[in-house]
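Please examine the sequence and the structure shown below.

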Protein chains: 6
Amino acid sequence: MVVRGVYPGRFQPFHWGHVSVVRWALERVDELAIVVGTAQESHTLANPFTAGERIVMIVRGLADAGVDLSRVYVVPVPDILMNAVWARYLAMFVPPFRYGVARNPLVVRLFREAGYEVLVPPAYNRELYSSTRIRAMMLAGDGGWRELVPPSVARFIDEIGGVERIREITGRD
Amino acid sequence: MVVRGVYPGRFQPFHWGHVSVVRWALERVDELAIVVGTAQESHTLANPFTAGERIVMIVRGLADAGVDLSRVYVVPVPDILMNAVWARYLAMFVPPFRYGVARNPLVVRLFREAGYEVLVPPAYNRELYSSTRIRAMMLAGDGGWRELVPPSVARFIDEIGGVERIREITGRD
Amino acid sequence: MVVRGVYPGRFQPFHWGHVSVVRWALERVDELAIVVGTAQESHTLANPFTAGERIVMIVRGLADAGVDLSRVYVVPVPDILMNAVWARYLAMFVPPFRYGVARNPLVVRLFREAGYEVLVPPAYNRELYSSTRIRAMMLAGDGGWRELVPPSVARFIDEIGGVERIREITGRD
Amino acid sequence: MVVRGVYPGRFQPFHWGHVSVVRWALERVDELAIVVGTAQESHTLANPFTAGERIVMIVRGLADAGVDLSRVYVVPVPDILMNAVWARYLAMFVPPFRYGVARNPLVVRLFREAGYEVLVPPAYNRELYSSTRIRAMMLAGDGGWRELVPPSVARFIDEIGGVERIREITGRD
Amino acid sequence: MVVRGVYPGRFQPFHWGHVSVVRWALERVDELAIVVGTAQESHTLANPFTAGERIVMIVRGLADAGVDLSRVYVVPVPDILMNAVWARYLAMFVPPFRYGVARNPLVVRLFREAGYEVLVPPAYNRELYSSTRIRAMMLAGDGGWRELVPPSVARFIDEIGGVERIREITGRD
Amino acid sequence: MVVRGVYPGRFQPFHWGHVSVVRWALERVDELAIVVGTAQESHTLANPFTAGERIVMIVRGLADAGVDLSRVYVVPVPDILMNAVWARYLAMFVPPFRYGVARNPLVVRLFREAGYEVLVPPAYNRELYSSTRIRAMMLAGDGGWRELVPPSVARFIDEIGGVERIREITGRD
């Protein structure tokens, strides 16, 4: 029987901290479904990249890291805005799974209330590896963000003009 | 530059005809995003399987067929019910792409109206390889459906009790 | 610990067959939540009455039948159109419960998949007591429907002009 | 005080029968809001044209007929699928009004239940002037539909390739 | 003719101030529908409890207070997010009514615009009896909240681990 | 071939700055569709007026200004909350167009990503002509807002009691 975990996040963008969680989870499950949450939103400061772009970042970033992609599913899921059904709604989009992978206390609780077990990964240097911080650096013109993501992710963000997008969409009339 | 195609379907279930389309498309594009449509529906006669279950069928079925999965994305997308925006909505969930892969005239048209080119695959023995027909066989107790899908798909459907599900959900009070 | 059941239906309108199910269920649980489904729909042949009108019918009909209303909740719930999350969605609107009360095989299955036990009531003369049949009688001008519902329900339907409504909304230009 | 009416329809396409209703209504109100309903749907046999295309048809068709457009609003409104709130929902999109303009008994009733008066126009040769019939003629290649709509409407439908669209979207794989 | 009122609130949680409004309203109407608003939301600081849990609180809290429950309906209603149709949308879920019961000026106005009369209850010591304040006390570990709600409500919140829930869902990674 | 532009805004309320943009655009296109955005919202401080009321303001305000209304469409559009499809969604509601008319960098970008050209109007004294500022003046009882809108708009706002509405809906219990 294949033991699966589900790791939800927004991945705006996907960084080394996320890679560490994936590695850690793959030591504990046979297969991992990475859920690209808030899939309907893009072109905002909090969610600049589309779900499709985030899928590319995750796949390429994991390839950079030498992760075995045949054990990974990457699955976009739009928001449902009803916490009480969230975990079951998520389950509809992914293969049958036993474990939620989460640190956020609300997410941990929602998985447990729906009958799933939870694997809580360690915090991988979160003051450093933070999507919020990366987006702030992009906006401020601080190129240091490039070292916080796998090289393929940085290249893909350049390819789609990601930094320019963030600056543009936050501009004023 | 990676050339990508998007192949939308419901895959209820994924069968050898779908495999043929995927192979055909992979001869024409570098990467293919297989979109699992009507992702929100399950447990109906037309859509018995969840999006997550269909993802497993596609990945395992393509593995049976020796398809290089590193060139394939499998992406669930809920219905939007507005034809005029459908193609752009789809594009939000998948990596940037050039080609739609479709035979259905409406789908072909919607891709073209949104500015995409379309690759029209040949019809692979559609009276034989048809999801509707497979579901009818399941309902009628005709085991012949097993030969219409890759062996891993048949095994997975057995594993989740798929045939029983179809019979149960179509039962009457 | 209070043992509760949930009995979903559309109750268009509430009839003696429904009363029998409620009685039967109240012999098995401490409290029963009657869910008025498809709460968003009214003024159609399949769903002529609003959720609020159906609530009145249920409360008055059960009072006619001498049912102890202090053991009953009547709860309207709009459709969600995702079978895989339906039971959890329902659970959000009602007090914590152990049993689903249902005969429909799909509904039975959805309760079980979500981890609930199911109480399957007997079929109470369904060719006679059927909401579909009652609406057809109303449309055809056959007053026999009055004997199929508790007297208060018939009076309430008269009070709101229910038969006229059904005829009007099914009329043609 | 300006007396306004609201005339809802789908206008797939706008034909001489609709023009007659508009003229008739403008003899009874100062201003008329023509509501283009089911605005979210297009590219289906029942609703081939987008709301925007229908707006053009209405404006040009009324100009052909010499109707004073300064007394007319043309307002697209997506479906809400809750009959009990439909009239108030409609009212949100249009200027304050006193009269609904409708023949369909359900629509007449929904206007009245929401507190509006209703103007019921005569039936203008409905076996001849019918959008359903016009779409069937388009599909069948019967050019007679051109005489059932104002000349500008026929020209606009040609301009956007409307007949081809209807044939294409109803085609089979 | 039964005269009914509708009293909308979120009741997160139901407290003695709410009980006072219910009593006050029941002196003015025959029956009162208590609408549990924002029914779709739970597990947030503003809305920690599900609609179903709030229904239990209301029923038990009113029983504590000796209110005649046979004159009360408790009805969950999800948000609609369109103020202009809100009152009619609400009306769909509850028995026919004459009075809105509200103090909030927006709510008062929306009832009146939809043609309902409004009963404005006195403010019952709102700096003391406030759901926002109760939730803040729960979060801060101040047990004083127990005196602000009927004893059955406090017991039910304990039974479902309500205080722990509020602390958990507001926790950080 | 008719060259059209689309000018989206919320117009809460329509003021002289908006009139200037319309005039400026009509020097560059044959026809202009003015999109009344966030059409579903009203009775809030940010969006006090319904879409229908805003349509009246726009039509009367442009008439005050001597603008040729036969070249203008006024089209309400509810929010879609998915930036990646917004421009195509908008296109569904309006006649076929070539130009977006916008200054906001996000809106400019969304038009361009969807394949439209953009006309960027000059900023017409925006610290003076600002809907936000006008609403603040209304709330504060500063009658100076009347000079910032065309006279017909001020009269219409008076007619519907707009200032009172803004004060009421922002009131506290």
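## Helix packing, strand pairing and a chain contact

Helix α2 (residues 51-64) of chain D packs against helix α6 (residues 151-159) of chain D at an angle of about 145°, with their axes 7 Å apart. Axes are lines fitted to C-alpha atoms, for helices over the stretch in contact, and angles run from 0 to 180 degrees between N-to-C directions. Helices (H or I, at least four residues) and strands (E, at least two) are DSSP runs, numbered from the N terminus. The model is predicted: local features need pLDDT of at least 70, side-chain atom pairs count only at pLDDT 80 or more, and totals for chains, interfaces and linings use all residues. Residues are numbered from 1 along each chain as its sequence is written, and chains are lettered from A and ligands numbered from 1 in the order in which they are written.

The table lists the residues that meet; two residues are in contact if their C-beta atoms, placed from the backbone, lie within 7 Å.

| Helix | Residues in the contact |
|---|---|
| α2(D) | Val56(D), Met57(D), Arg60(D), Gly61(D), Ala63(D), Asp64(D) |
| α6(D) | Pro151(D), Ser152(D), Val153(D), Phe156(D) |

Strand β3 (residues 72-76) of chain D is largely enclosed by the rest of the structure, because four of its five residues are buried (20 or more other C-beta atoms within 10 Å of a residue's own, with C-beta atoms placed from the backbone). Strand β2 (residues 31-36) of chain D runs parallel to β3(D), and five bridges join them. Tyr73(D) in β3(D) is the bridge partner of Ala33(D).

Between chains A and B, the contact takes 18 residues from each chain. On the side of chain A that touches chain B, α2(A) gives the largest share, four residues.

Notes
Buried ≥ 20, exposed ≤ 12 C-beta atoms within 10 Å, placed from the backbone. Pairing = 2+ DSSP bridges.
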